[in-house]
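Please open the model in your viewer and keep the sequence panel beside it, as the tour moves from one selection to the next. At each stop you will find what to select and what is there.

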Amino acid sequence: MLESDETDLFRCAVCGITESDSSNLTQSSLQTNATIGCGHQFCISCVERELSRRKIFNCPICETAVKRSTLTTRSLDDVQCEKDTSWRRRVTKVYNKVESDFGTLLEYNNYLEEVEDIIYAIVNGEPNAEECKALVKKHEEENKSEIAIRQSQRADEERLIQDRIAAEQREADHKKRLFAEEEIERKIMKQRYHKEATEVKLGERDMISEEVMNAHLSGYKMNTNKNSKSRAGGLLMSIGHGPRVREPSTGYHEPKMDRELYMKRQAAGAGVPSNSIQAQEKNWDMAVSTLFCI
């Protein structure tokens with residue numbers, strides 16, 4: 001029974017033709033009787049034939065009145081959805097109280113349930129639909145000032161939300177732009193490193209500059225906004241100083257080592273001055289290993 005009812009909704013209720021039938025030579029779409037309790041479809045030929053005889057004819061399936069004003073190419077669900085949206089917007093514009101206007105949550109839920117009952121009755125053509133429409137109109141006339149105040153408050157809240165969304169979008173665009181600038185600076189720094197390393201290899205310069213070497217050792221973690229405090233820590237990391245940490249209980253300075261430990265470290269090769277021949281040889285070996293992947 002259910003399958004036959006669903007099939008009837010997609011064929012003409014008078015002649016039984018569908019849009020895809022070969023007998024439908026014009027391939028014309030079926031028209032739906034957008035009336036509560038009907039929703040059946042009719043082909044254009046049957047509609048013109050029936051309405052040429054009389055202004056109203058009954059649906060042969062459910063005996064609901066069919067008029068030219070109630071026929072549409074949309075489905076009944078589309079019509080009902082549009083009607084529900086329209087009336088919901090109109091009713092909630094009048095019944096616009098919020099939870100803070102009530103003493104308890106139960107009172108607020110009862111208020112929302114009353115609003116839903118009004119919308120359902122009007123949209124679905126219940127016997128008390130006209131009474132509900134009159135109730136909405138009466139409520140609007142008696143509470144005009146309160147409704148206007150709540151509408152203004154809601155408009156302010158929506159404006160605040162829109163401003164917040166716009167601010168977040170601007171912040172996201174700013175971060176994206178900074179990231180693009182960092183990528184460009186990182187690429188430039190890599191090119192400088194390879195250029196200076198080649199110059200060191202060819203003997204055109206003594207050593208790679210400290211800025212480029214620190215950037216290479218830090219993985220090219222560049223920072224473009226150097227005036228920002230939030231990026232100051234990242235800048236220190238990029239030049240090899242590391243992030244700020246909590247001061248240890250023993251202080252930042254290491255305890256003095258004794259002479260014997262100092263001599264052992266010197267014997268192991270520590271404490272080489274940066275301007276010595278050993279430091280230049282170290283930079284040379286690093287440049288060569290980077291260029292030829294040794």
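Two strands are said to pair if DSSP finds at least two bridges between them, and helices (H or I, at least four residues) and strands (E, at least two) are DSSP runs numbered from the N terminus. This is a predicted model, in which local features need pLDDT of at least 70 and side-chain atom pairs count only at pLDDT 80 or more, while totals for chains, interfaces and linings use all residues. Residues are numbered from 1 along each chain as its sequence is written, and side-chain values use heavy atoms, with hydrogens and water left out.

**The whole chain**

Begin with the whole protein chain, coloured by pLDDT, the predictor's confidence in each residue on a scale from 0 to 100. The mean pLDDT of the chain is 76, and 69% of its residues reach 70 or more. In secondary structure the chain has ten helices and five strands. Of its 294 residues, 26% count as buried, where buried means under 20% relative accessible area, exposed means over 50%, and partly exposed lies in between (1.4 Å probe, protein chains only). The accessible surface comes to about 21500 Å², and carbon and sulfur atoms account for 52% of that; such areas come from the Shrake-Rupley method with a 1.4 Å probe, and for residues only the protein chains shown count as cover. A contact means heavy atoms within 4.5 Å, and among contacts between residues at least 6 apart in sequence, 51% join residues at least 24 apart.

**The sheet**

Next select β1, β2 and β5 together: these three strands form an open sheet in the order β2-β1-β5, with antiparallel pairing. The edge strands are β2 and β5 (71–72), each of which pairs on one side only. Strands of a sheet pair through backbone hydrogen bonds, either parallel or antiparallel. Zoom in on β1 (residues 31–33), which two bridges join to the antiparallel β2; for Q31, the bridge partner in β2 is F42.

Which residue's side chain makes a polar contact with the side chain of T32? Select Q41, whose side chain makes that contact at 3.3 Å; a polar contact is a pair of N or O atoms within 3.5 Å, where within protein one must be able to donate a hydrogen and the other to accept it, and residues adjacent in sequence count only if both atoms are side-chain atoms. Q41 lies in strand β2 (residues 41–42) and counts as buried because its relative accessibility is 13%.

Move on to L71 in strand β5, which counts as buried because its relative accessibility is 13%. Leaving aside residues up to four places away in sequence, L71 touches Q31, T32, N33, F42, V47 and V66. Select H40 as well, and you will find that L71 and H40 are 31 residues apart in sequence and 9.8 Å apart in space, C-alpha to C-alpha.

**Two loop residues**

Select K55, in the loop between α2 (44–53) and β3; K55 counts as exposed because its relative accessibility is 75%. Not counting residues up to four places away in sequence, K55 touches V66 and K67. From K55 to R68 the separation is 13 residues in sequence and 7.9 Å in space, C-alpha to C-alpha.

Then go to E63, in the loop between β3 (57–58) and β4 (65–66), where phi is near 65°, a positive value in a residue other than glycine. Most residues other than glycine have a negative phi, and most peptide bonds are trans. E63 is exposed, because its relative accessible area is 54%.

Helix α4 (residues 105–123) has 19 residues and reaches 27 Å from its first C-alpha to its last, close to the 27 Å expected at 1.5 Å a residue; the expected span is 1.5 Å times one less than the number of residues. Just after α4, G125 takes a positive phi of about 65°.

In helix α6 (residues 144–201), select E199, which is buried because its relative accessible area is 18%. E199 touches E204 and R205, not counting residues up to four places away in sequence.

**Where to read with care**

Finish with residues 1–6, over which pLDDT stays under 50 and for which the model has zero contacts beyond four places in sequence. Over residues 224–243 pLDDT also stays under 50, and there the model has 22 contacts beyond four places in sequence. Where pLDDT is low, the predicted coordinates should not be read in detail.
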